Every structure is written in C-alpha cells, then in structure tokens.
Amino acid sequence: MQKNIVTLTNARVIRMQTGEVPRPANLSPSRDWPPRWAQEWKLLTRMELYAFLAIYVCRAICKVDETYIWEQGKLTSMPAVGRVMPRNRYQSIKAALCLQ
C-alpha cells in the first residue's frame, strides 16, 4: 500500500508539472501554476512517507496546530520534528498526497 501511495503521489505531481492537470478554474490568474512546491518537487520516498505519517499522527494526538510545530521558542514547538522533516517538505507532501 505504501509503495502505491508513493507512486501515485509522485505521478500526480509529474502530471501537474507537465500540464496534464489543468489549472483550477477558481485559481487567481496571479497565482503560479503548477504551484511552487510542485515546480520544486523532489520525488517522494517510502521513508519520507513514513516520516510524514508519523508527524501527522503525532500532531493529531498532541492536538498541536501545524504552524507551531516548527516554530522555535514556542511552548508547542517540537524540535525533533524539524530534525525529521523540514516544514516546507511536510507541507509539500501534504498538498501532493494522493490516496486514490
């Protein structure tokens, strides 16, 4: 199952990069398409998927807003999370994740 998620997610981003996924009609003309995270996509690996899921579950269990996890000096910050995966990569995977 994890292999399929990784394969489908990477394929979805590649389709966005090549223009096979059309620009959403409700997207402002001033917004980039594909989005910057898709333009800069590094292929997802199984290990990254596991790290993403671990952070996602930890966030849900601890009931911590995602914006505060990577903030330094905040009471809700989780420094270990930043060592596992940078915030931008986490958000990119979250935006690209394909569970079909």
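This briefing describes the fold, the surface and selected residues of one protein chain. The model is predicted, so local features need pLDDT of at least 70, side-chain atom pairs count only at pLDDT 80 or more, and totals for chains, interfaces and linings use all residues. Residues are numbered from 1 along each chain as its sequence is written, and side-chain values use heavy atoms, with hydrogens and water left out. The protein chain has 6 helices and 0 strands, where helices (H or I, at least four residues) and strands (E, at least two) are DSSP runs numbered from the N terminus.

**Overall fold**

- Along the sequence, the order of elements is α-α-α-α-α-α.
- The C-alpha trace of the protein chain spans about 40 × 35 × 20 Å along its principal axes.
- Among contacts with a separation of 6 or more, 58% are between residues 24 or more positions apart; a contact means heavy atoms within 4.5 Å.

**Surface and charge**

- Of the 100 residues, 31% are buried; buried means under 20% relative accessible area, exposed over 50%, and partly exposed in between, with a 1.4 Å probe and protein chains only.
- The accessible surface of the protein chain is about 7,000 Å², and carbon and sulfur atoms hold 56% of that area. Accessible areas come from the Shrake-Rupley method with a 1.4 Å probe, and for residues only the protein chains shown count as cover.
- There are 15 positive and 7 negative side chains, and the centres of the two sets are 5 Å apart. Lys and Arg count as positive and Asp and Glu as negative, while His and the chain ends are not counted; each charge is placed at NZ of Lys, CZ of Arg, CG of Asp or CD of Glu.

**Aromatic rings**

- The chain has 3 aromatic pairs. Rings of Phe, Tyr and Trp (its six-membered ring) pair if their centres lie within 6.5 Å; planes under 30 degrees apart count as stacked, over 60 as edge-to-face and the rest as tilted.
- Trp37 and Trp41 form an edge-to-face pair, because their ring centres are 6.2 Å apart and their planes stand at 70°.
- Trp37 is partly exposed at 21% relative accessible area, whereas Trp41 is buried at 11%.
- One aromatic cluster is made up of Phe52, Tyr56 and Tyr90.
- The charged end of Arg59 sits over the ring of Tyr56, 5.6 Å from the ring centre. A charge sits over a ring if NZ of Lys or CZ of Arg is within 6 Å of the ring centre and within 35 degrees of the ring normal.
- Arg89 lies over the face of Trp41, 4.5 Å from the ring centre.

**Helix residues**

- Gln2 belongs to helix H1 (residues 2–17) and is partly exposed, with 31% relative accessibility.
- Leaving out residues up to four places away in sequence, Gln2 touches Arg46, Leu49 and Tyr50.
- Gln2 and Leu99 are 97 residues apart along the chain, and their C-alpha atoms are separated by 9.8 Å.
- Ala80, in helix H5 (residues 79–84), is partly exposed at 42% relative accessibility.
- Ser92 is part of helix H6 (residues 87–96) and is buried at 13% relative accessible area.
- Beyond neighbours within four places in sequence, Ser92 contacts Trp37 and Trp41.

**A cis peptide bond**

- Most peptide bonds are trans.
- The bond joining Trp33 and Pro34 is cis, with omega about -5°.
- Pro34 lies in the loop between H1 and helix H2 (36–39).
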